Amino acid sequence: MATVQVQDVTKAYGQKRLFQEVTVGFHAGRRYGVTGPNGAGKSTFLKILSGELEADTGTVQRPSKTSVLKQDHYAFESWRVLDVVISGNARLWGALQAKEGLLAKRELTDADGVELAELECVVAEEDGYTAESDAGELLSGLGVPESDHEKCMSELAGGRKLRVLLAQALFGNPDALLLDEPTNNLDIDSIRWLERFLQNYRGVLITISHDRRFLNEICTHIADIDYETIITYTGGYDDMIEAKGQVRGKIEQENSERKKKVEQLQDFVARFAAGTRASQVQSRKKQIERLTLTDLKRSNIERPFMQFLVKKPSSKQTLTIETIDKRWPEVTVCERFRAVVTKGEKIAIIGRSGVGKTTLCKMLMGEIAPDAGRIEWGTQTSLGYLAQDHREGIQGGLTVTEWLHSHQPSANLQEIRGLLGRMLFKGEEGMKPTEALSGGEAVRLIFSKLMLMKDNVLILDEPTNHLDLESIIALGDGLQKFEGTAFVVTHDCDLVSSFATRVFAFTDNGLVDWQGSYEDYTERFGDGEKAGRGGGQKSAQL
């Protein structure tokens, strides 16, 4: 039975120790989610498991047929898409390449014939004769259309390339599967397909994800990185949070009771140490020695505090969209779409990848004009924007504090530092160069700017990319309490449920304006993005 076994593994960067002398086993038939805040070492741990990175101490044993989700989507630019997927089974791919080389010869020797027969056995054992159809099925399930399967990788958009790499990792029934953020760049339908696929997977699955619902749906266990170690809990993410709180709460209660008892005993010893009750004093001292407090290391989980205030409210009718059309050569973004948005509405923008959600955001920002129709903002509106490419608005050559201060020079440094502290840039973190920021840090810095500027309209395009679960929960809280108007592109169902009062849904039959909650929308159409016409009184006319 396949197992990934970690023995006495330690990893540190400089003075920061991620985990120390960790021993843990991951077993076949179980699906593990690796959790922890940004910077806890989740991706580092997965790289150690895969062999890409060496631990400072300790060993890792893994099955020979271990598959890893690759992150470099430019590594296969000249490859055919189907070949990239099939290469995920290294044994099969090697046999197919060797077989092709032999068949290209003008004449085959006897030795070549023997080798060819052996290669045919490998191809048969690895289901090579159905490899292309199996790869095509994976690609289609992950939202890569059949028209792309014969293309070169260089012809695909970045999001589709990442889907191809995910299909590559899933291909060939590996004994162990290591997936770092597999739901990034997937739409809701593709995430649901992936959930069903992984629920039927029988090997060892170890995955990192910031999608709370995904972890709850697929995980049988959670491996949580905290307190400089890795603790395994049974169940999904919510089960882990509950169990972790109960364990820590129980230890804290026991420590409190022990502390009170120790104080009582110490008081007795202090009062009677010089008296005639020497034997009783000695007995109390021994009790004190036995009542040692359980060591509670400080958790590294921290939740940022997101509070989006409004400097000046907008007019009641915040946005008017009058019968707009927008088309690209390969996609119709919207056709005669119209909507009126009033102050305080929170709109989730959902739909498959590539249908035009980012284009809609750019039209709202005035960066792209509609082909026909009109978009008009009400009076007193001010727009705060988080682009899908989170880094594009962060200038290099500055510290975090300097960059944030440059957007409002009138703000005093104490206010800037306080704001950064709430977004977990504490102490020297405020002096970090902007070009050295991780993906999660870059997003948190942009949120710091949005909180500083106090705009009354927020347009957020995929804000959860690179955020950890604690930050996503904080974002949901902040959006729910925001008194302005928000437009948020996301595939995170839990986040949408936490704030949305209205849904703009890109569906098989156009852009639908559902004037109700996300729960009402999914009850009517399901949680995919295939809603049709005729959504009743809550659906805009298309």
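## Pairing in the open sheet

Two strands count as paired if DSSP finds at least two bridges between them. With that in mind, let's look at E15 and E16, which are joined in the parallel sense by five bridges. In this pairing, Ile-459 sits opposite Phe-487 of E16. Please keep in mind as you read that this is a predicted model.

On to the neighbours. E15 also pairs with E14, again in the parallel sense, here over four bridges, and Gly-384 faces Leu-458 of E15. These strands belong to an open sheet of six, ordered E14-E15-E16-E12-E17-E18, with mixed pairing. Its edges are strand E14 (383-386) and strand E18 (510-514), each of which pairs on one side only. On average, neighbouring strands in this sheet are turned by 15° against each other, direction ignored.

Is E15 mostly covered or mostly open? E15 is mostly covered, with five of its five residues buried. Val-457, Ile-459 and Asp-461 point one way from the strand, while Leu-458 and Leu-460 point the other way, and all are buried.

Further along the sheet, strand E12 (residues 346-350) and strand E17 (residues 502-507) run parallel and are linked by four bridges. There, Ala-348 has Val-503 of E17 as its bridge partner. Helix H15 (residues 469-481) packs on the sheet, where it touches E12, strand E15 (457-461) and strand E16 (485-489). The direction of H15 makes about 150° with that of E15.

## Helices H3 and H4

Now for a pair of helices. The axes of helix H3 (residues 90-103) and helix H4 (residues 110-125) come within 9 Å and cross at roughly 145°. This crossing of H3 and H4 is left-handed. On the H3 side, the contact is made by Arg-91, Leu-92, Ala-95, Leu-96, Ala-98, Lys-99, Leu-102 and Leu-103. H4 contributes Asp-112, Glu-115, Leu-116, Leu-119, Glu-120, Val-122, Val-123 and Glu-125.

## A look at Glu-335

Glu-335 is found in strand E11 (residues 331-342).

The side chain of Glu-335 makes a polar contact with the side chain of Arg-327 (3.2 Å).

Conventions: Residues numbered from 1 in each chain as written. Predicted model: local features only at pLDDT ≥ 70, side-chain atom pairs only at ≥ 80, totals over all residues. Heavy atoms only, no water. Helix = DSSP H or I, 4+ residues; strand = E, 2+ residues; numbered from the N terminus. Polar contact = N/O pair within 3.5 Å; in protein donor to acceptor, adjacent residues only side chain to side chain. Axes fitted to C-alpha atoms, helices over the stretch in contact; angles between N-to-C directions. Left-handed = near helix turned anticlockwise from the far one by under 90°. Contact = heavy atoms within 4.5 Å. Buried < 20%, exposed > 50% of the residue type's maximum accessible area, 1.4 Å probe, protein only.
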